[in-house]
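The following briefing concerns the structure shown below.

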Amino acid sequence: MIKAMRPLLRRSTYSGALFGYGAVLASLPLLSFALLPALAWRSAPEGVQIGLAVLVWAVLIGLVGLARTTRRVLVLSARRLLKVPLPDADAVRAAGSRAGRWRTPLWLLLHVAVGWTGALASGLLLFVGLTLPGGWLDAELGLSLFGRSVRVEGGWQSWAAGLGCLLLAGAVCVLVTRTLRWSAPRLLGPSTAERLASAAERELRLAERNRLAHELHDSIGHTLTTTTIQAAVAGEVLAADPVAARAALRSIEESARAALEDLDYVLGVLREREAETAPTRTLADLPELFDRVRHTGAVVEPDLSGDLTHVQGTLSRAAYRILQEGLTNAMRHGAGGPIAVRVRAGAEVLELGVVNGTVDEGKGPRAFPSSGHGLSGLAERVRLLNGDIETGPDGPRHWRLAVRLPVRPSA
């Protein structure tokens, strides 16, 4: 019994009912306009006049529901009074969705219908519940059901019947609130098309953020690694070999300038403005990449075969970034031996490989701490290109990165 009465004791139940009954007051001005055609057609039967007034009233309510301001007010009121977690009205409008624009008028019609029904029912029950006990206002109650009649005239029966009517009035408030709470997300919330459009937009934003994260990791991470090593080399040979030191400093300058171009492009995208020139480093820029790595003192042994000019567009840019990340990892964790780089461009498959000697992470002269994002980023990039990636030991003292990417004519 107590559990069944809990909804009657909640403040949100009556705030929701108040929201429903508010539609009664809001629709009264429209009702006065709807009565004008019926009053003008006095010769029509009474039923036709009532039907005409209701029809005109429904049309006027629907027209009010088409206004964007009406939707905003309804969404805001439903959030506060019904306690329904609805998104902002502007956030759920589907571009080009014609079906979605009719949901607000349908909600408003349902809102008015539920409000009037609940107001009349609860008002009548409340009146009876307050006047029946003790025979106030000479109130009497008679009920007829299935051929049986019951009449309540006074005494304890009138008090019991009055309390029952008050409880029924509260139950009507609960029913009004639950009906509006059930229908609000379906008619005021995002439609299926709007949810799909919102999900697609979020997916595009996430994909763009991941792409920018890859660009920053590949470019800035590679630059910081090479410049750190080059600065160490320049410091060691500054007195003994000034020419090599100047070459290392020039390489630091070139690497930093390239990284600034990448950073400016990424920041431009994040600020939603178009960069003047987007960095488009491809397999054609591999010689420059190898020279920057050699300036750190590393030995790079490239093995390039096939027609690299046949690999273009997205595939060529992705291949460059994959090799750049592979060389960066080789410099971070390499044991100082030669780094073998293999690129084989076939008619259908592009093969990339980086093999280097390794030391335990955190040991050796060129070991750097790693976030662990490099290999996962490489795997994601390769997966998006429908390729295969293999990483792991290659013998007792070497580490191998091998990637196979399908070549498409439109790449």
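Leucine 109 touches Ala58 and Ile61, residues up to four places away in sequence being left out of account. The model is predicted. The points below begin with this leucine, proceed to the helix that contains it, and end with the chain.

**Leucine 109**
- Helix H5 is the element in which leucine 109 lies.
- Between leucine 109 and glycine 65, the C-alpha to C-alpha distance is 8.5 Å, although 44 residues separate the two in sequence.

**Helices H4 and H5**
- H4 spans residues 68-82 and H5 spans residues 103-131; their axes lie 11 Å apart, at an angle of about 50°.
- The two helices, H4 and H5, are therefore oblique to each other.
- The crossing in which H4 passes H5 is left-handed.
- On the H4 side, Thr70, Arg71, Leu74 and Leu82 form the contact, and they meet Arg103, Thr104, Trp107, Leu108 and His111 of H5.
- Of the residues in this contact of H4 with H5, four are nonpolar, three polar and two charged.

**The protein chain**
- Eleven helices and seven strands make up the secondary structure of the protein chain.
- The protein chain has 411 residues, of which 38% count as buried.
- Where contacting residues of the protein chain are at least 6 apart in sequence, 72% of the contacts join residues at least 24 apart.
- Carbon and sulfur atoms account for 62% of the accessible surface of the protein chain, which comes to about 24,200 Å².

Notes:
Residues are numbered from 1 along each chain as its sequence is written. This is a predicted model: local features need pLDDT of at least 70, side-chain atom pairs count only at pLDDT 80 or more; totals for chains, interfaces and linings use all residues. Side-chain values use heavy atoms; hydrogens and water are left out. Axes are lines fitted to C-alpha atoms, for helices over the stretch in contact, and angles run from 0 to 180 degrees between N-to-C directions. Helices (H or I, at least four residues) and strands (E, at least two) are DSSP runs, numbered from the N terminus. Angles under 35 degrees count as roughly parallel, over 145 as roughly antiparallel, 65 to 115 as roughly perpendicular and the rest as oblique. A crossing is left-handed if the near helix is turned anticlockwise from the far one by less than a right angle, and right-handed if clockwise. Contact means heavy atoms within 4.5 Å. Ala, Val, Leu, Ile, Met, Phe, Trp, Tyr, Cys and Pro count as nonpolar, Asp, Glu, Lys and Arg as charged, and the others, Gly among them, as polar. Buried means under 20% relative accessible area, exposed over 50%, partly exposed in between (1.4 Å probe, protein chains only). Accessible areas come from the Shrake-Rupley method with a 1.4 Å probe; for residues, only the protein chains shown count as cover.
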